[in-house]
Amino acid sequence: LPTSYSETSDDFPENHWLKDESKAFNFSIKESDRNYDLSINLSHVYDFQYESVPMTISIIGSDNKEQIINFDLKIKDKSGKDLGDCSGDICNLKQLIKENITLSKGDYKIIVKQNFKGKYLPNIITVGIELKNKK
(Lines give C-alpha, C1' and ligand atoms only; values in the text may rest on other atoms or scores of the structure.)
Protein backbone atom coordinates (compact mmCIF):
# COMPACT_ATOMS: atom_id res chain seq x y z
CA LEU A 1 0.00 0.00 0.00
CA PRO A 2 1.42 3.40 -0.94
CA THR A 3 1.10 6.40 1.39
CA SER A 4 -2.62 6.25 0.89
CA TYR A 5 -5.36 4.06 -0.50
CA SER A 6 -8.58 5.37 -1.87
CA GLU A 7 -11.49 3.74 -3.67
CA THR A 8 -14.93 4.97 -4.63
CA SER A 9 -18.22 3.32 -5.56
CA ASP A 10 -20.65 5.09 -7.87
CA ASP A 11 -23.19 2.29 -8.18
CA PHE A 12 -26.29 4.20 -7.02
CA PRO A 13 -29.15 3.80 -9.53
CA GLU A 14 -31.33 6.94 -9.49
CA ASN A 15 -28.91 8.30 -6.82
CA HIS A 16 -30.54 6.04 -4.21
CA TRP A 17 -28.42 4.18 -1.66
CA LEU A 18 -30.66 1.29 -0.65
CA LYS A 19 -30.99 0.45 3.05
CA ASP A 20 -29.76 -3.16 2.72
CA GLU A 21 -26.95 -2.37 0.29
CA SER A 22 -23.48 -2.01 1.77
CA LYS A 23 -20.38 -1.01 -0.19
CA ALA A 24 -17.26 -3.16 0.16
CA PHE A 25 -13.67 -2.15 -0.59
CA ASN A 26 -10.85 -4.73 -0.70
CA PHE A 27 -7.14 -3.97 -0.46
CA SER A 28 -3.82 -5.36 0.79
CA ILE A 29 -1.34 -3.92 3.27
CA LYS A 30 2.25 -4.72 2.27
CA GLU A 31 4.08 -3.48 5.38
CA SER A 32 3.57 -4.47 9.00
CA ASP A 33 2.10 -2.34 11.74
CA ARG A 34 1.64 1.01 10.12
CA ASN A 35 -0.85 3.56 11.39
CA TYR A 36 -3.49 5.06 9.13
CA ASP A 37 -6.20 7.68 9.27
CA LEU A 38 -9.50 6.51 7.80
CA SER A 39 -11.79 8.99 6.04
CA ILE A 40 -15.03 8.61 4.17
CA ASN A 41 -15.74 10.52 0.96
CA LEU A 42 -19.30 11.19 -0.14
CA SER A 43 -20.64 13.02 -3.17
CA HIS A 44 -24.26 14.10 -2.99
CA VAL A 45 -26.71 16.36 -4.77
CA TYR A 46 -26.57 19.97 -3.53
CA ASP A 47 -28.96 20.99 -0.71
CA PHE A 48 -29.14 17.56 0.90
CA GLN A 49 -32.29 17.05 3.00
CA TYR A 50 -30.55 15.86 6.17
CA GLU A 51 -27.94 17.30 8.55
CA SER A 52 -26.26 13.95 9.11
CA VAL A 53 -26.46 10.28 8.17
CA PRO A 54 -25.89 7.45 10.67
CA MET A 55 -23.34 5.01 9.27
CA THR A 56 -21.28 1.95 10.14
CA ILE A 57 -17.85 1.01 8.86
CA SER A 58 -16.52 -2.51 9.41
CA ILE A 59 -12.82 -3.25 8.95
CA ILE A 60 -12.15 -6.95 8.49
CA GLY A 61 -8.59 -8.23 8.36
CA SER A 62 -7.20 -11.49 6.96
CA ASP A 63 -7.45 -12.88 10.52
CA ASN A 64 -11.26 -12.32 10.22
CA LYS A 65 -11.21 -10.00 13.23
CA GLU A 66 -13.74 -7.23 12.72
CA GLN A 67 -13.49 -3.68 13.99
CA ILE A 68 -16.81 -1.81 13.85
CA ILE A 69 -17.06 1.98 13.85
CA ASN A 70 -20.46 3.65 14.19
CA PHE A 71 -20.62 7.35 13.41
CA ASP A 72 -22.77 10.18 12.11
CA LEU A 73 -21.61 11.55 8.79
CA LYS A 74 -22.13 15.29 9.18
CA ILE A 75 -23.55 16.79 5.97
CA LYS A 76 -24.48 20.29 7.21
CA ASP A 77 -23.42 22.54 10.06
CA LYS A 78 -25.85 23.88 12.69
CA SER A 79 -26.86 26.79 10.43
CA GLY A 80 -27.76 24.40 7.58
CA LYS A 81 -24.70 25.19 5.45
CA ASP A 82 -23.24 22.29 3.45
CA LEU A 83 -19.95 21.04 4.95
CA GLY A 84 -18.85 19.66 1.59
CA ASP A 85 -17.11 21.43 -1.26
CA CYS A 86 -20.03 22.28 -3.57
CA SER A 87 -19.75 23.11 -7.25
CA GLY A 88 -22.93 23.40 -9.27
CA ASP A 89 -25.35 20.67 -8.20
CA ILE A 90 -22.73 18.38 -6.63
CA CYS A 91 -21.12 18.49 -3.19
CA ASN A 92 -18.03 16.48 -2.26
CA LEU A 93 -17.63 15.80 1.42
CA LYS A 94 -14.69 14.23 3.25
CA GLN A 95 -14.88 13.33 6.94
CA LEU A 96 -12.18 11.79 9.11
CA ILE A 97 -13.68 8.73 10.81
CA LYS A 98 -10.84 7.29 12.85
CA GLU A 99 -7.24 8.31 13.46
CA ASN A 100 -4.24 6.05 14.01
CA ILE A 101 -5.72 2.69 13.04
CA THR A 102 -2.91 0.13 13.21
CA LEU A 103 -3.08 -2.31 10.31
CA SER A 104 -0.76 -5.29 10.01
CA LYS A 105 0.40 -6.89 6.79
CA GLY A 106 -2.43 -8.74 5.01
CA ASP A 107 -5.67 -8.46 3.10
CA TYR A 108 -8.50 -6.25 4.28
CA LYS A 109 -12.09 -5.49 3.49
CA ILE A 110 -13.83 -2.29 4.56
CA ILE A 111 -17.62 -2.37 4.43
CA VAL A 112 -19.56 0.90 4.49
CA LYS A 113 -23.24 0.83 5.40
CA GLN A 114 -25.73 3.65 5.82
CA ASN A 115 -28.23 3.30 8.67
CA PHE A 116 -30.77 5.84 7.51
CA LYS A 117 -34.35 5.12 8.65
CA GLY A 118 -36.00 5.06 5.20
CA LYS A 119 -35.90 2.41 2.44
CA TYR A 120 -33.07 4.33 0.79
CA LEU A 121 -30.87 7.37 1.27
CA PRO A 122 -31.66 9.82 -1.56
CA ASN A 123 -29.35 12.03 -3.65
CA ILE A 124 -26.16 9.99 -3.26
CA ILE A 125 -23.71 10.06 -6.17
CA THR A 126 -20.61 8.31 -4.81
CA VAL A 127 -19.21 6.93 -1.56
CA GLY A 128 -15.61 5.99 -0.93
CA ILE A 129 -12.94 5.41 1.65
CA GLU A 130 -9.47 6.81 2.03
CA LEU A 131 -6.64 5.50 4.18
CA LYS A 132 -3.71 7.85 4.71
CA ASN A 133 -0.41 6.55 6.03
CA LYS A 134 0.72 8.24 9.26
CA LYS A 135 4.47 8.78 9.10
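## Cross-links and charges: worked exercises

Cys 91 is buried, at a relative accessible area of 0%; buried means under 20% relative accessible area, exposed over 50%, and partly exposed in between (1.4 Å probe, protein chains only). Before you dig in: this is a predicted model, where local features need pLDDT of at least 70, side-chain atom pairs count only at pLDDT 80 or more, and totals for chains, interfaces and linings use all residues. Residues are numbered from 1 along each chain as its sequence is written, and side-chain values use heavy atoms, with hydrogens and water left out.

**Exercise 1.** Find which residue forms a disulfide with Cys 91, and work out the handedness of the link.

*Solution.* 
- Step 1: look for a pair of cysteine sulfur atoms within 2.5 Å, which is what a disulfide is here. The structure holds one.
- Step 2: the partner is Cys 86, with the two sulfur atoms 2.0 Å apart.
- Step 3: check the partner's surroundings. Cys 86 is partly exposed because its relative accessibility is 29%.

**Exercise 2.** Asp 37 has a salt-bridge partner; say which residue that is and where in the chain the two sit.

*Solution.* 
- Step 1: search for a side-chain nitrogen of Lys or Arg within 4 Å of a carboxyl oxygen of Asp or Glu, the salt-bridge criterion. The whole structure has six such bridges.
- Step 2: Asp 37 pairs with Lys 134, at 3.4 Å from N to O.
- Step 3: Asp 37 is buried at 14%, while Lys 134 is partly exposed at 31%.

**Exercise 3.** Now take Asp 47 and find its salt-bridge partner.

*Solution.* 
- Step 1: the partner is Lys 76, again with an N to O distance of 3.4 Å.
- Step 2: Asp 47 lies in the loop between β4 and β5 (52-61), and Lys 76 in the loop between β6 (66-74) and β7 (85-87), so the bridge ties together parts 29 residues apart in sequence.
- Step 3: Lys 76 is buried, with a relative accessible area of 13%.

**Exercise 4.** Which residues join Glu 130 in a network of salt bridges?

*Solution.* 
- Step 1: Glu 130 bridges to Lys 132, their closest N and O atoms being 3.3 Å apart.
- Step 2: bring in Lys 94, and the network of Lys 94, Glu 130 and Lys 132 is complete.
- Step 3: Glu 130 is buried at 11%, whereas Lys 132 is partly exposed at 43%.

Definitions and conventions. Helix = DSSP H or I, 4+ residues; strand = E, 2+ residues; numbered from the N terminus.
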